[in-house]
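Student: May we examine this structure together, one question at a time?

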Amino acid sequence: MEHVIVQTDNDGMPTAVLSKGREWAVGAEPVRWFERINWWETNRRMPKGNSGVDVEVLQLQVRLGRNDRSALTTMYLQRDGLGGGWRLRETAAGAA
């Protein structure tokens, strides 16, 4: 998965995603949830005493640049638990 940079406002809400040198502006309310993952399929170890590992996921409706008339694209981002950054899980063009 590709690492991306998520820019946020003062309240921590995503405003843009930087991916492969391009800026994608967030054009709709983000959707956030947590998923349980199989810890043995990741590179990290499960903390002692826990029975599962949750990963944060963001669904963002974004448009290339600051053009309000460009089509929205859906990006699914997954929190990188090791460094706290984000990784691009999937992009679904025209899914908005």
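Student: Which residue in the turn between strand 2 and strand 3 has a positive phi?

Tutor: The model is a predicted one, in which local features need pLDDT of at least 70 and side-chain atom pairs count only at pLDDT 80 or more, while totals for chains, interfaces and linings use all residues. Residues are numbered from 1 along each chain as its sequence is written, and side-chain values use heavy atoms, with hydrogens and water left out. Strands here are DSSP runs (E, at least two residues), numbered from the N terminus. Strand 2 and strand 3 form a hairpin with two residues between them, and the turn residue with a positive phi, of about 50 degrees, is lysine 20.

Student: How many bridges join strand 2 to strand 3, and which residue is the bridge partner of leucine 18?

Tutor: Two strands pair if DSSP finds at least two bridges between them. Strand 2 and strand 3 run antiparallel, and the number of bridges joining them is four. In strand 3, the partner of leucine 18 is glutamate 23.

Student: Which residue takes a positive phi in the hairpin of strand 1 and strand 2?

Tutor: Strand 1 and strand 2 (residues 14-19) run antiparallel and are joined by four bridges. Within this pairing, threonine 8 stands opposite proline 14. The hairpin has five residues between its strands, and the residue with a positive phi, near 85 degrees, is glycine 12.

Student: Is isoleucine 5 buried or exposed?

Tutor: Isoleucine 5 has its place in strand 1 and touches Ala16, Val17 and Leu18, not counting residues up to four places away in sequence; a contact means heavy atoms within 4.5 Å. Buried means under 20% relative accessible area, exposed over 50%, and partly exposed in between (1.4 Å probe, protein chains only). Because its relative accessible area is 53%, isoleucine 5 is exposed.

Student: What is the distance between the closest N and O atoms of arginine 32 and glutamate 56?

Tutor: A salt bridge is a side-chain nitrogen of Lys or Arg within 4 Å of a carboxyl oxygen of Asp or Glu. Arginine 32 and glutamate 56 form such a bridge, with the closest N and O atoms 2.9 Å apart. The pair links distant parts of the chain, 24 residues apart: arginine 32 is in strand 4 (residues 31-37) and glutamate 56 in strand 5. The distance asked for is therefore 2.9 Å.

Student: Which residues do salt bridges that share partners join into one network?

Tutor: Glutamate 56 is buried because its relative accessibility is 13%. Glutamate 56 also forms a salt bridge with arginine 79, at 3.2 Å between the closest N and O atoms. Glutamate 56 lies in strand 5 and arginine 79 in strand 6, so the pair ties together parts 23 residues apart in sequence. The network consists of Arg32, Glu56 and Arg79.
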